[in-house]
Structure formats: structure tokens, C-alpha cells
Amino acid sequence: MSSTSRRYRRTACTGLALALPLAALAACGGSSGTDASAEGGSGKGTISVWAHQGQKSEDAAVQAAVKSFNSSQSDIKVELKLIPGNDYTKTITATSASELPDVMEFDGPTMANFVYNKKLAPIDDYVSSKTMANATDASKSQGEIGGKHYGLGMYDSGLGIYGNKKLLDAAGVKYPTSLSDDWTAAQFTAALKALKAKDSDGKTLDVQEGNGFATEWGTYGFAPIVWSAGGTLIKGDKAEGALDTPAVVSALKTFQSWKTYVDPNTDGNAFAKGRVALSWVGHWMYPTYSKALGDDLVVLPLPDFGNGPKTGQGSWAWGIGSDSKNAKAAGAFMDYLLNDTNVTAMTTANGAPPATRTALAASPLYKQGGPLQLFADQLAKPCGDSDITKTCVAVTRPVTAGYPTITAKFGEALNSIYGGADPKSALEKAARAIDQDYSDNAGYKIP
């Protein structure tokens, strides 16, 4: 094996432990050449389906959808296999394409690597035009490479800042109520200072420090600072000049300055128990926070570092295995899985924003006037993963087979910056490492 291929395997086989609502991400192997296309088949018979084992309520929703599909018609029978979430991505990574199922779930950021390794087929010919049209633009952005779609999700995700109205009011802090009146980074810092003056230990902010920053939580939770500062994790196949710009360096210096206000939150209850007034986290904490705070809970956008407020987006999605011999049947099952009944059942189970237009519009949480309308408003302004303008909000993590390296190196940089390292040096080091990996792997080009 040449030194290049040895280096390739070391960099491309990066494994990452991700914070909820994401899963462990690993990438290994590499491929090029023509696109992997499944065979349509007869549209009848037995198909295999893999899904990750998540919360019990999520598992029950998938199992109910399969049972209902099997009893709704007699042409296709679905055999479902649930694989523990912590092992799920590793299992797909370690399984050859010929052994993979007809339909499989995957975590959004892993998709491009599975396409690169010829494990997923385009779904456009097999999923109905009605299903595709009903998918939100944000969901389609996550699932698209080169004009082809490889995945669609039942649900999406989003970030915001939860606020304790009682504590904010007591400190005289004026806070935004929608995307149109978001805090600037300086106003957010001023709010932290004002809250500190009224707080017994001076800790006023939760950033889910317990999840760690050199993890997928680091990238998902705080890449929005990079995007809001006008930068990006990678541009084309170069991180230098995108990730390490002066504006991004300045923004992460501000992030570093907030550490003095952060409650380490070792018990996970800093916000729910009223120790801090602000919590920087995603939609998935709403049930816990709503129960703890009731009418005192407010939902705010992340602060604006100059290029408009931004949020991460994307979550688990469904696709068709590249070696499927019955993609017509696989597409029929995906159509059923993504109908209003099943999407609503799943998002009721896990509290996530629906990734279909009709279910999102009808959701008690996310509809206009609902308590989490902000998350829906953010997803209604998708940026995709490259055209990050001032007016768009929801950014898809880079859809590239090199994503494991990007997130690993950015997470390492963020962690060291939070720990006191010079932001400029840390970001330049990360950009160089990402660029070296892309150079070693011919830019991870997917035909």
C-alpha cells in the first residue's frame, strides 16, 4: 500500500461520537467512477428495511408504519430490522453494498460518504413526484448531490436559544421574539453581562458543554457562528480562506469570551432548574424545558455575527440501497412512510419539526402561532450547503464525502478555542488539515 493510500485510510476512517439528535458517524473506504443505480424490479415481493433503534417512542412509530403498510396491500412485504443507534452507522460502513437492505435509514451528514462508497442509489425514479414535492426545501437540500436525490427525511432539526422570561425580565434584558429582531453578537454579550449582575454565581448561559465540542455537537451547535460571520466550513474543496477568515476568527473570539458566563451543566438541569437564563440548544429540549418553565419559556434565534442569524438543520433520512433489485417496491414503501399519518406519528413521538410541508403546516408545535414556530420559520429559509446569504437561515452541513474530516477538525479547533487557544491559529490548523485530506483524496469527487 502506498503512503498516499495509507494516509487516505487514516483520514477517511475518522469516527465521531455525536450528540443527540445525531448518531455516530464513520467514513471508510473510497470510490469513484459511475453512479450506483438500483434495479427497479417488479415492484412486488419482500423488501428489507434497516432503521436505527432510537427512543422507544420512535421505534414504535417505525414499527407501526411497517405493520400498517404490510396490512394495507398484498403486493409488498416489508421486513424491518432495528439496529442499535450507537452501532448503526458503523454497521452500514462495515457492510458491503451487496449485503445492504433495499431501504435504509441514515444520518444526514453520512449520506455523501455512502454515495461516494456506492452504498446509496438515487431515489428520484422510485419515489413519487407527490412525495418529492411535499418534502420541505431544507430536507431536499440535505438529500441532494449533483441534482439527484439520495434521501428524504420524516423530520428535521433546528437550533435556538431558550430563555427564562422571568429571569430575563428581572435583569431588564430585552430579547428578540422572532428572526426579524434577532440579537447581534454584541447585544447577546451585553445580555449575558446584565444577567450576570443579577445571578448569584455569575453563570447565566448553558451551551450543552457536557456533550463536548470535539463531537458532532460542536459542529452542529456552533458552525452557525461561522456561517453567521460570513464564513463556511469548506468552499468547493478548500477550507483555507473559508473557515479561517478574519470575520470567523473574530466571531469565535467572541464565543470564547462567553465561557466565563457558562454553567458547565454537569447535571443537565442548569436551565430547567433556573440556574441559567439562556440555553443554546436544539428543538429536542423543548418537552423538558416546557414542562419545567411553562409560560416562562421563550424561544429565540441564535445571535447575528453580521451575515444574519443561522441555524444547523438536517437529521435522519431514508434512502434506497444501491444493490436493491426491487427499487420500485422500495420507493412505494418510502412514499407510505413519508405520508402525513406516519410523519405526524414520528414527530409526535420525538418532538422534531416535520420534514414534509403538509405535516409541518398542521403541527401544533411548529405551525404559525405554535410555541416552536421559530424553528419552522428558520427551516422555511434554507441556504443549502453552499449559497449562504444574509437572508437565508437554515444551513445544511457540507454535503461531501469528506464531511467526517471536516467535522473532526472543526470540532478539535472549537474545543481548543473554548479552552483558551488562539482562534486564528486553531482555525488555520483545522483548514490546513482539511485541505490536506481533500488533496489526498482528489477532492472526494462524486460523479
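N326 is buried in this predicted model, with a relative accessible area of 9%. The residue lies in the loop between β14 (316-321) and α12 (327-337).

**Surroundings of N326**

- The relative accessible area of 9% places N326 among the buried residues, because buried means under 20%.
- Neighbours within four places in sequence are left aside in the list of contacts of N326.
- On that basis, N326 is in contact with E39, G40, G41, S42, G43, K44, G45 and I47, and also with D102.

**The chain as a whole**

- The C-alpha trace of the chain spans about 70 × 55 × 35 Å along its principal axes.
- Of the 447 residues, 58% count as buried.
- Among contacts between residues at least 6 apart in sequence, 76% join residues at least 24 apart.

**Helices α2 and α12**

- The crossing of α2 and α12 is right-handed.
- On the α2 side, the contact is made by A65, V66, S68, F69 and S72, while α12 contributes A332, F333, Y336 and L337.
- The residues of this contact between α2 and α12 divide into 7 nonpolar and 2 polar, with no charged ones.

**Helices α16 and α17**

- The axes of helix α16 (residues 403-418) and helix α17 (residues 423-440) come within 9 Å and cross at roughly 165°.
- Because angles over 145 degrees count as roughly antiparallel, α16 is described as roughly antiparallel to α17.
- The crossing of α16 and α17 is right-handed.
- From α16, the residues in contact are Y403, T405, I406, K409, A413, S416 and I417.
- These residues meet P423, A426, L427, A430, A433, I434, D437 and Y438 in α17.
- The contact of α16 with α17 comprises 11 nonpolar, 2 polar and 2 charged residues.

Notes. Residues are numbered from 1 along each chain as its sequence is written. This is a predicted model: local features need pLDDT of at least 70, side-chain atom pairs count only at pLDDT 80 or more; totals for chains, interfaces and linings use all residues. Side-chain values use heavy atoms; hydrogens and water are left out. Axes are lines fitted to C-alpha atoms, for helices over the stretch in contact, and angles run from 0 to 180 degrees between N-to-C directions. Helices (H or I, at least four residues) and strands (E, at least two) are DSSP runs, numbered from the N terminus. Angles under 35 degrees count as roughly parallel, over 145 as roughly antiparallel, 65 to 115 as roughly perpendicular and the rest as oblique. A crossing is left-handed if the near helix is turned anticlockwise from the far one by less than a right angle, and right-handed if clockwise. Contact means heavy atoms within 4.5 Å. Ala, Val, Leu, Ile, Met, Phe, Trp, Tyr, Cys and Pro count as nonpolar, Asp, Glu, Lys and Arg as charged, and the others, Gly among them, as polar. Buried means under 20% relative accessible area, exposed over 50%, partly exposed in between (1.4 Å probe, protein chains only).
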